[in-house]
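Work through the exercises below with the sequence and the 3D view side by side, and try each task before reading its solution.

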Amino acid sequence: MAVRAVRGATQTDADEREQILEATTELVAEVMARNELTTDDVISVIFTVTPDLTAEFPALAARKLGFHEVPLLCATEIGVPGALPRVIRLMAHIATDRPRSDVQHVYLRGATALRLDIAQ
């Protein structure tokens with residue numbers, strides 16, 4: 001079993017609690033589904049948000065999905081001028097037998113612009 005990192009991002013339309021929770025729920029669910037993971041496979045998850053998102057912690061959405069024993073951390077991205085606004089990112093550390101090349105990174109909504117090479 002190896003430790004791999006899975007990246008993902010999504011974007012909200014506004015800095016509203018429900019939008020942050022909805023977008024994060026969708027992102028986490030897609031990462032889990034595309035990589036055929038259970039919460040037992042997840043070692044930890046780091047969430048970041050752009051400085052314009054302050055209405056809720058994205059980790060709350062993961063807790064509501066059953067990530068009760070998984071260490072979660074939220075942080076703010078650096079405020080780079082001209083950067084895509086209202087973005088939620090995650091980096092999940094997972095235990096898996098998949099080779100690095102088979103890990104499915106997930107970019108949704110407006111965040112597909114961040115990684116056009118791998119966005120779905």
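**Exercise 1.** Find the order of the strands in the open sheet, and name its edge strands.

*Solution.* The open sheet has five strands in the order 3-2-4-1-5, and their pairing is mixed; strands here are DSSP runs of E with at least two residues, numbered from the N terminus, as are helices (H or I, at least four residues). Two strands count as paired if DSSP finds at least two bridges between them. Strand 3 (72–76) and strand 5 are the edge strands, since each pairs on one side only. The model is predicted, so local features need pLDDT of at least 70 and side-chain atom pairs pLDDT 80 or more, while totals for chains, interfaces and linings use all residues. Residues are numbered from 1 along each chain as its sequence is written, and side-chain values use heavy atoms, leaving out hydrogens and water.

**Exercise 2.** Describe how strand 1 is joined to strand 5.

*Solution.* Strand 1 and strand 5 run parallel and are joined by two bridges. On strand 5, V106 is the bridge partner of G8.

**Exercise 3.** Locate the positions that UniProt marks as "binding site", and decide whether Y107 is buried or exposed.

*Solution.* The unreviewed UniProt entry gives this feature at R7, R89 and Y107, in the numbering used here, with feature names shortened and annotations that may be inferred rather than shown by experiment. They span 101 residues in sequence, yet no two of their C-alpha atoms are more than 8.9 Å apart, so they gather at one spot. R7 lies in strand 1 (residues 2–11), and its contacts (heavy atoms within 4.5 Å), leaving aside neighbours within four places in sequence, include R89 and Y107. Y107, in strand 5 (residues 106–107), is buried at a relative accessible area of 3%, whereas R7 is partly exposed at 32%; buried means under 20%, exposed over 50%, and partly exposed in between (1.4 Å probe, protein chains only).
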